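I opened this structure to look up a handful of residues and their surroundings. My notes follow in the order I made them.

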Amino acid sequence: MVQNKKSNPELLSKLISNLQPLISIFTLMKFRILVLINAAAVAITLSAVNYYFQHSWYYVSITFLVTIVTSFIVFYYVIEKYVYSKIKLIYKLIHNLKLGRDLRDALGEHISADPINDVEHEVKEWAREKKSEIDELRKQEKFRRDFLSNISHEFKTPLFAIQGYIEAIQDDDFEDKELAQDFLAKAAKNVDRLSYLIQDLDEISKLESGEMPINLTRFKINDLIKEVFESMEIKARQHNIKLIFKQKYDESILVNADREKIRQVLVNLIDNSFKYGKEEGSTSVSLFELHDQVLVEVTDDGIGIEEKHLPRLFERFFRTDSSRSRQIGGSGLGLAIVKHIVEAHEQTINVRSTEGLGSTFGFTLQKSKQTLPFPNIPVLKN
């Protein structure tokens with residue numbers, strides 16, 4: 001025999017509708033007890049005063065009965081009309097706003113057994129929620145202001161430089177062709193810087209909106225690291241930095257990830273180590289196999305980062321030393337792009353650093369299961 005099962009909201013709504021009369025009676029009883037206590041307090045006070053002047057228990061009894069009945073009726077009417085009904089209305093409004101439309105329709109009209117107490121808790125909880133929302137909005141507003149300030153500065157610097165070089169060349173008295181070629185070359189470098197900045201902003205925007213898909217493939221992370229080292233060898237020599245990838249990592253480690261995106265992560269992290277490394281220093285990449293992940297770490301022995309800057313290191317345009325960072329170059333978006341790519345893979349990235357000793361950036365990748373070869377099948381001879 002098959003029974004038709006109702007959904008949980010329907011059963012809950014039916015249960016609440018059946019209990020509503022009992023809840024109403026209980027609520028009314030608690031309210032009347034509250035009014036009765038107040039009426040009794042007034043009646044006892046007036047009876048005590050009456051006994052003090054007349055010393056007659058008969059008149060005290062009459063005073064007590066008349067006072068308690070009168071006070072009960074008056075208090076009940078006044079509190080019900082001007083206090084209790086308003087509190088119930090406030091509680092219902094707050095409760096309905098917190099529940100939302102769909103859940104409220106499923107549950108039906110909510111009745112509180114103790115609205116005076118409940119409204120206090122609801123208001124406090126609501127106030128805490130609104131305060132956290134306001135704090136979050138303030139953080140977002142500060143981030144928006146900082147972002148607009150940073151991006152305007154990043155665009156203005158190369159634009160003003162290009163404008164200055166072009167205006168110098170356009171001057172009627174300017175006849176030095178070699179200097180003109182030098183100015184044009186510098187202007188071209190600033191144009192490239194603008195181009196890189198726009199490309200990086202576009203890439204971050206696409207990563208955040210999901211327009212840039214992650215194409216997962218199975219590949220050897222060891223081989224990719226070696227390819228990145230080969231492509232960056234010339235740049236490492238220019239910075240007098242040695243690239244280290246130890247032979248103990250030659251054993252193939254397979255991962256599931258977007259190969260080109262992870263290449264970009266490695267290039268950005270290694271390039272960052274060049275910018276903030278020291279002369280005759282080194283940059284090493286290490287691999288650590290976890291249970292179902294692979295941890296990739298890029299370590300340098302450069303200037304390091306102050307601990308107070310670590311939480312904001314992956315923000316857009318954030319620079320620990322603005323003057324030195326802009327002299328080095330870059331869009332200021334490299335680490336932000338790295339963070340977005342790693343998080344798009346549903347993995348994590350972290351950084352640890354000691355000022356004056358160096359920094360280590362580590363990110364995880366999903367490990368791919370090794371495919372075991374088929375065992376040799378023995379051949380039976382006749």
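Entry 1. I looked up Glu 346 and found it in the loop between helix H10 (334-344) and strand E6 (349-354). The model is a predicted one. I read a phi near 60° for Glu 346, a positive value in a residue other than glycine. Is Glu 346 buried or exposed? With a relative accessible area of 71%, Glu 346 is exposed, because the cut-off for that class is over 50%.

Entry 2. I then turned to Glu 280, which has a positive phi of about 60° although it is not a glycine. I placed Glu 280 in the loop between H8 and strand E4 (281-289). Its relative accessibility is 64%, so I noted Glu 280 as exposed.

Entry 3. I went on to Asp 258, in the loop between strand E3 (254-257) and helix H8 (259-275). Here the relative accessibility is 6%, so Asp 258 counts as buried. Which backbone atom does the side chain of Asp 258 reach? I found the backbone nitrogen of Asn 215, at 2.9 Å. Leaving out residues up to four places away in sequence, I listed Pro 213, Ile 214, Asn 215, Leu 216, Phe 219 and His 345 as touching Asp 258.

Entry 4. I looked at Asn 256, which has its place in strand E3. Asn 256 has a relative accessible area of 29% and is therefore partly exposed. From Asn 256 to Arg 218 I noted 38 residues in sequence, but 4.7 Å in space, C-alpha to C-alpha. Arg 218 is also among the contacts of Asn 256 beyond four places in sequence, together with Leu 216, Thr 217, Gln 366, Lys 367 and Ser 368.

Entry 5. I checked the largest nonpolar core, which has 48 residues. Which of them touch the most other members? I wrote down Ile 221, Leu 266, Ile 270, Val 296, Leu 313 and Phe 363. For Ile 221, I listed contacts with Ile 253, Val 255, Ile 262, Leu 287, Val 296 and Leu 365, again not counting residues up to four places away in sequence. As background, I noted that nonpolar side chains tend to be buried together in soluble globular proteins.

Entry 6. Last, I looked at the surface, where Tyr 58, Tyr 59, Ile 62 and Val 66 form a nonpolar patch. Together they have about 420 Å² of accessible area. Ile 62 has a relative accessible area of 36%, so I recorded it as partly exposed.

Conventions. Residues are numbered from 1 along each chain as its sequence is written. This is a predicted model: local features need pLDDT of at least 70, side-chain atom pairs count only at pLDDT 80 or more; totals for chains, interfaces and linings use all residues. Side-chain values use heavy atoms; hydrogens and water are left out. Helices (H or I, at least four residues) and strands (E, at least two) are DSSP runs, numbered from the N terminus. Buried means under 20% relative accessible area, exposed over 50%, partly exposed in between (1.4 Å probe, protein chains only). A polar contact is a pair of N or O atoms within 3.5 Å; within protein, one must be able to donate a hydrogen and the other to accept it, and residues adjacent in sequence count only if both atoms are side-chain atoms. Contact means heavy atoms within 4.5 Å. Patches are made of residues with over 30% relative accessible area and no salt bridge: like charges are joined within 9 Å, nonpolar side chains (Val, Leu, Ile, Met, Phe, Trp, Tyr) within 5 Å. Accessible areas come from the Shrake-Rupley method with a 1.4 Å probe; for residues, only the protein chains shown count as cover. A salt bridge is a side-chain nitrogen of Lys or Arg within 4 Å of a carboxyl oxygen of Asp or Glu. A nonpolar core is a set of buried Ala, Val, Leu, Ile, Met, Phe, Trp, Tyr and Cys residues joined through side-chain atoms within 4.5 Å.
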